[in-house]
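These are my notebook entries on a single protein chain. I record what I looked up, entry by entry.

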Amino acid sequence: MHRWLIRMLRVIPIWVLYAFVAVAVVPVCMIVNPARSIIYRYFRERWNMRPFKAMLMTYRNFYLFAQVVIDKFAMYAGRRFEIDVEGLEYYNKLANAAEGFVILSAHIGNYEIAGYTLHADAKRFNALVFGGEKGSVMENRNRMFANTNIRMIAVSDDMSHLFAINNALADGETVSMPADRMLGSRRTIGITLLGAEAHLPRGPFDVATMRGLNVVAVNVMKTAAKKYTIYVTPLTYNHEATRTEQSLQLAQGYAAELERMLKMYPAQWYNYFEFWHTS
């Protein structure tokens, strides 16, 4: 199916698939997908929306997520999008420095597009990815990254990805990882996001503080049908504090940036599980 989708996107306009999912796919998902109740509560409880508006926003969330998936395969098919970057100078400064640095991402917007835009000329860019991805997705990513300096590190049950991350940072490379979902270890840091308690995986923050590295949050948000904006935001922490306090400061800074993005793009939240603690 993935290969057929790529072939289709080489010959038909993207808007045709947008229209198809809007009328034939999203309504079905709204009926059969249990994630609808999670996203509905997200709009009701985090944004205090009335029931009807929360329902409309749930539809919009599903529809935007479908567009993000289509856009990903459109990139595989050779299509290009207009990309704006806020904070590019700071990213380039880190990318050209001798020491490695850490990029923290989230399941909002369409982060994968960052890999096709932010250059990795001076040092290798290592991206931590879910090890259970479909073979066709990994195949196309490898093809897209064939002539770049980007390597994907798949999360593995034997935790060998941790050694790959450590080696990459020791060699002064860049490591990118999501910081809003559990990947392997269950150790967490409690934060407040959109006025409610939640927990983030501790690992990404500990990886950065263990070596005293620079950290940036990178979020790629869909701003128009064929346009994205990449936001590169430095995250700071006190290098003289204890390691525990450093990781907490980083987690809080990351949560603050995540909240800033969600206030700008509330419909582009794609964590389809119970993220917040409920009483």
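**Entry 1. Glutamate 274 and its partner**

I worked from a predicted model. I began with glutamate 274, which is partly exposed because its relative accessibility is 43%. I then asked which side chain glutamate 274 meets in a salt bridge. The partner is arginine 41, and the N to O distance is 2.0 Å. I placed arginine 41 in helix H3 (residues 35–46) and glutamate 274 in the segment after helix H9 (243–264), so this pair ties together parts that are 233 residues apart in sequence. Arginine 41 has a relative accessibility of 29% and therefore counts as partly exposed. I noted the general principle that side chains of opposite charge can pair when their charged atoms come close.

**Entry 2. Further salt bridges**

How many salt bridges does the structure hold? I recorded 11.

I looked up the one between glutamate 82 and lysine 227, whose side chains meet at 3.9 Å, N to O. Glutamate 82 belongs to strand E1 (residues 82–86) and lysine 227 to strand E9 (residues 227–235), so the pair ties together parts that are 145 residues apart in sequence. I checked the exposure of both residues. Glutamate 82 has a relative accessible area of 46% and is partly exposed; lysine 227, with 23%, is also partly exposed.

Next I took arginine 187 and aspartate 206, whose side chains form a salt bridge of 3.5 Å, N to O. This pair links distant parts of the chain, 19 residues apart: arginine 187 is in the loop between E5 and strand E6 (188–193), and aspartate 206 is in helix H8 (residues 203–211). Is aspartate 206 buried or exposed? I found a relative accessibility of 12%, so aspartate 206 counts as buried, the limit for that word being under 20%. I also noted that Glu82, Asp84 and Lys227 are joined into one network by salt bridges that share partners.

**Entry 3. Strand E5**

I turned to strand E5, which covers residues 174–178. The strand is mostly covered, and 5 of its 5 residues are buried. Which way do its residues point? Thr174, Ser176 and Pro178 point one way, while Val175 and Met177 point the other way.

I then looked for the strands that are joined to E5. E2 runs parallel to E5, with 5 bridges between them, and valine 102 has valine 175 of E5 as its bridge partner. E3 also runs parallel to E5, joined by 3 bridges; here phenylalanine 125 is partnered with threonine 174 of E5.

**Entry 4. Glutamate 112**

I located glutamate 112 in the loop between strand E2 (101–105) and strand E3 (125–129). Its relative accessibility is 14%, so glutamate 112 counts as buried. What does the side chain of glutamate 112 contact? I recorded a polar contact of 2.7 Å with the side chain of tyrosine 76.

**Entry 5. A patch on the surface**

Last, I looked up isoleucine 31, which has its place in helix H2 (residues 14–32). Isoleucine 31 is exposed because its relative accessible area is 61%, and the cut-off for exposed is over 50%. Together with Val28 and Val32, Ile31 makes a nonpolar surface patch of about 300 Å².

Conventions: Residues are numbered from 1 along each chain as its sequence is written. This is a predicted model: local features need pLDDT of at least 70, side-chain atom pairs count only at pLDDT 80 or more; totals for chains, interfaces and linings use all residues. Side-chain values use heavy atoms; hydrogens and water are left out. Patches are made of residues with over 30% relative accessible area and no salt bridge: like charges are joined within 9 Å, nonpolar side chains (Val, Leu, Ile, Met, Phe, Trp, Tyr) within 5 Å. Accessible areas come from the Shrake-Rupley method with a 1.4 Å probe; for residues, only the protein chains shown count as cover. A salt bridge is a side-chain nitrogen of Lys or Arg within 4 Å of a carboxyl oxygen of Asp or Glu. Helices (H or I, at least four residues) and strands (E, at least two) are DSSP runs, numbered from the N terminus. Buried means under 20% relative accessible area, exposed over 50%, partly exposed in between (1.4 Å probe, protein chains only). A polar contact is a pair of N or O atoms within 3.5 Å; within protein, one must be able to donate a hydrogen and the other to accept it, and residues adjacent in sequence count only if both atoms are side-chain atoms. Two strands pair if DSSP finds at least two bridges between them.
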